[in-house]
Structures are given as C-alpha cells and as structure tokens.
Amino acid sequence: MSRILVVGGGLIGIRHLQAVAAHPACTLVGLVDPNPEIITDYPRFADMAEVPAPVDGVILATPTHLHSKHGAYAAKRGWPMLIEKPVTEDLAQARVLQKAIQTAKVPSLVGHHRRYHAPVQQMKSLVANGAIGQPVTATLIWAMRKPDAYFDGNWRSAHGSPVLINLVHDIDLLRFVLGDIAAVSALRGRRLRGQARVESGAVALAFESGATGTIAFADTAPSPWGFEAGTGENPNIGTTRQDMLWITGTKGAISFPSMTLWSGQDWSRPAEQVPCTRAENAKPPLDAQLDHFLEVTQGAAPLIDVADATRTLDIALQIEDQLRQQAPAPEPAHP
C-alpha cells in the first residue's frame with residue numbers, strides 16, 4: 001500500500017483526498033491545511049513539518065504561488081510529488097523547484113490531467129502514426145462566459161486572466177499532441193467588464209515541427225466551444241459535446257472531442273470521413289492520473305514532469321505578457 005499525503009484542502013485538494021481514500025492501493029496519511037474549518041474524517045496537519053508518518057508520495061494542491069516552496073520542502077523530505085497545474089507562478093519559481101527536485105533525486109509529476117483523457121491519447125496516437133499525414137494547422141476555440149460573481153470582490157477582478165487559468169490547459173493539450181511550440185504572437189481583445197484584466201484575444205503559434213496553430217479565447221462570450229463543454233468533464237460547466245479543436249494534415253484532418261477523422265487528396269475531390277471509433281475513458285482522468293502517480297513513485301517515467309510542465313508555463317507566460325502590454329480595445333457604447 002502506498003502512503004499518500006494530500007496538501008491543500010481547496011476544491012481540487014478535496015477531490016484528490018477522496019480519490020486517494022477510495023483507491024485500493026493507497027493509504028491516506030492525511031490532509032495538510034492550516035484552515036481549521038475544513039472538515040474531514042482523516043488525520044489533519046497544519047503544516048507538512050508536523051507529518052511524522054512515512055510518506056511514499058505527496059499531492060500538492062495548494063495555491064500556485066506556493067508550489068515551488070512546498071515542492072522544495074517535499075523534495076527535502078524525499079517525497080515523490082504530484083503538483084497541481086500550473087506548475088508554479090513564474091519561471092524563476094519553476095527553476096528553484098526543478099533544482100530542488102534534481103538535488104534530492106525525487107520523481108515529479110504535474111497535474112495536467114487532460115493528458116489522461118482516452119480521446120486525447122487516441123488523438124495523439126493517430127497524429128503521431130500519420131493518420132492525417134504531416135500536421136499543418138491546428139485551430140482551437142475556448143469561449144465561455146464566466147458569471148459576473150466569479151470576479152466580484154476577489155483577486156480575479158484584476159488578475160483573473162483566462163490565459164493562466166484556462167488556456168494553460170489548452171496549450172499543454174496542443175504541446176502533448178503536436179510537440180513543442182517555438183514562437184507565439186498574441187492580440188488582445190476588447191474590454192467588456194470594465195476591468196483591467198485580459199478578457200479575450202487571439203494567439204498564433206509556431207510549432208517546432210513546422211505546423212502552425214491558432215487559439216481564439218474569451219471568458220465573456222457564451223458558446224458551445226471549449227474543452228470542458230465538449231468533453232463534459234466539469235460538472236460546473238454546461239456540456240455541449242461540440243468539437244473545439246481541428247487539426248489538418250497533408251493527408252486529412254481530425255476534430256476533437258468527437259474524433260471525426262477525414263481523408264483527402266486535393267480540392268478536386270471532397271474529403272471523405274474515415275471510420276474512427278472514439279476511445280472512452282475507462283475511469284475519470286483524475287483517477288487515471290493517481291494510478292500513474294503511484295507508478296511514478298515506483299520509478300516509472302512521468303507523463304509530464306516539472307521540466308515538461310515548465311515549458312507549457314513558459315508559453316502561457318509569453319502570451320500573457322504580450323497581451324498585458326497591449327491596450328484593450330475600448331468598451332462598446334452599447335452592450
């Protein structure tokens with residue numbers, strides 16, 4: 001039995017806690033969180049330093065700005081770690097964390113859980129095996145209208161850009177399927193809520209493979225297009241089952257999450273749909289991620305470690321920096 005400690009009792013931390021407690025190969029060491037109002041039947045610690053029991057792995061689900069500090073402490077204790085995404089708040093913190101992990105020689109896994117979706121892994125395999133030829137373009141849309149209450153009276157009114165909250169996941173999805181990104185260029189959209197933060201925009205991507213891509217995003221526009229809406233993975237976001245990612249190649253194309261596969265030659269003949277049975281998740285991705293983390297604690301290669309996740313963070317930060325340097329388009333005279 002693997003002895004797993006969970007640090008952080010927020011929404012995602014509690015989900016991790018429940019997953020560990022229910023896993024037949026895990027023993028839950030307890031929850032570390034200084035908030036005494038969090039109610040749980042499991043052992044409680046206000047700080048990791050209070051944990052006396054042996055630990056085979058720790059799940060860090062604390063606020064992003066604490067990931068580097070908490071990860072470095074876990075490494076010092078010799079604990080393999082699963083760190084929630086994004087890996088850290090900035091690249092300097094990521095470098096500190098990576099150095100601590102390398103020095104302690106402990107394994108790391110970062111919680112970009114979309115990589116565990118069976119259709120995502122199927123899409124990656126199809127693209128890698130040449131089902132659409134050489135990838136040429138990728139087009140991704142994430143457009144939701146977040147409720148106004150999401151921003152009222154909290155840090156999100158100024159710093160709640162969807163880039164580091166939402167797009168970081170889409171960036172990692174594209175990297176996972178199409179490889180590393182060599183360059184980005186971003187344009188900021190108009191301001192609709194009267195706040196200084198980034199609300200919408202468009203991003204152009206150049207992949208190291210030579211493929212290019214675009215992302216259109218907004219948290220001010222209700223639409224059926226977005227990973228959560230398309231896959232139904234988040235109970236707080238309405239499910240539409242609509243595609244939100246389209247990849248073209250020299251021999252065809254594929255759209256996600258429907259896994260609609262096309263084959264074609266040139267424009268003299270219409271592209272033809274190719275039979276493709278969509279892979280289904282054998283278990284929720286968060287549970288599949290926990291299975292993999294247990295393997296990582298035993299020496300298996302991580303699907304995404306701190307170094308890999310830092311490359312995703314780097315792209316997201318580049319986009320955010322470009323957008324912040326641009327003045328938003330003026331608010332419309334009439335809604």
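Colleague: Which residues does A329 touch, leaving out those up to four places away in sequence?

Modeller: A329 touches G189, R190 and R191, where contact means heavy atoms within 4.5 Å. A329 is found in the segment after α9. A word on the source: this is a predicted model, in which local features need pLDDT of at least 70, side-chain atom pairs count only at pLDDT 80 or more, and totals for chains, interfaces and linings use all residues. Residues are numbered from 1 along each chain as its sequence is written, and side-chain values use heavy atoms, with hydrogens and water left out.

Colleague: Why is A329 called partly exposed?

Modeller: Its relative accessible area is 30%. Buried means under 20%, exposed over 50%, and partly exposed in between (1.4 Å probe, protein chains only), so A329 is partly exposed.

Colleague: Thanks! What makes N166 count as buried?

Modeller: N166 has 9% relative accessibility, so N166 counts as buried. The place of N166 is in helix α6 (residues 162-178); helices here are DSSP runs of H or I with at least four residues, strands are runs of E with at least two, and both are numbered from the N terminus. Not counting residues up to four places away in sequence, N166 touches W142, K146 and E228.

Colleague: And why is R197 called buried?

Modeller: With a relative accessible area of 3%, R197 is buried. R197 sits in the loop between β8 (181-188) and β9 (200-207).

Colleague: Which side chains does R197 join in polar contacts?

Modeller: The side chain of R197 is joined to that of Q195 at 3.1 Å and to that of D219 at 2.9 Å. A polar contact is a pair of N or O atoms within 3.5 Å; within protein, one must be able to donate a hydrogen and the other to accept it, and residues adjacent in sequence count only if both atoms are side-chain atoms.

Colleague: How do you know that α2 is roughly parallel to α3?

Modeller: The axes of α2 (residues 67-76) and α3 (residues 91-104) come within 9 Å and cross at roughly 5°. Axes are lines fitted to C-alpha atoms, for helices over the stretch in contact, with angles from 0 to 180 degrees between N-to-C directions. Angles under 35 degrees count as roughly parallel, over 145 as roughly antiparallel, 65 to 115 as roughly perpendicular and the rest as oblique, so α2 is roughly parallel to α3. Among the residues making the contact are G71 and A72 of α2 and V96 and L97 of α3.
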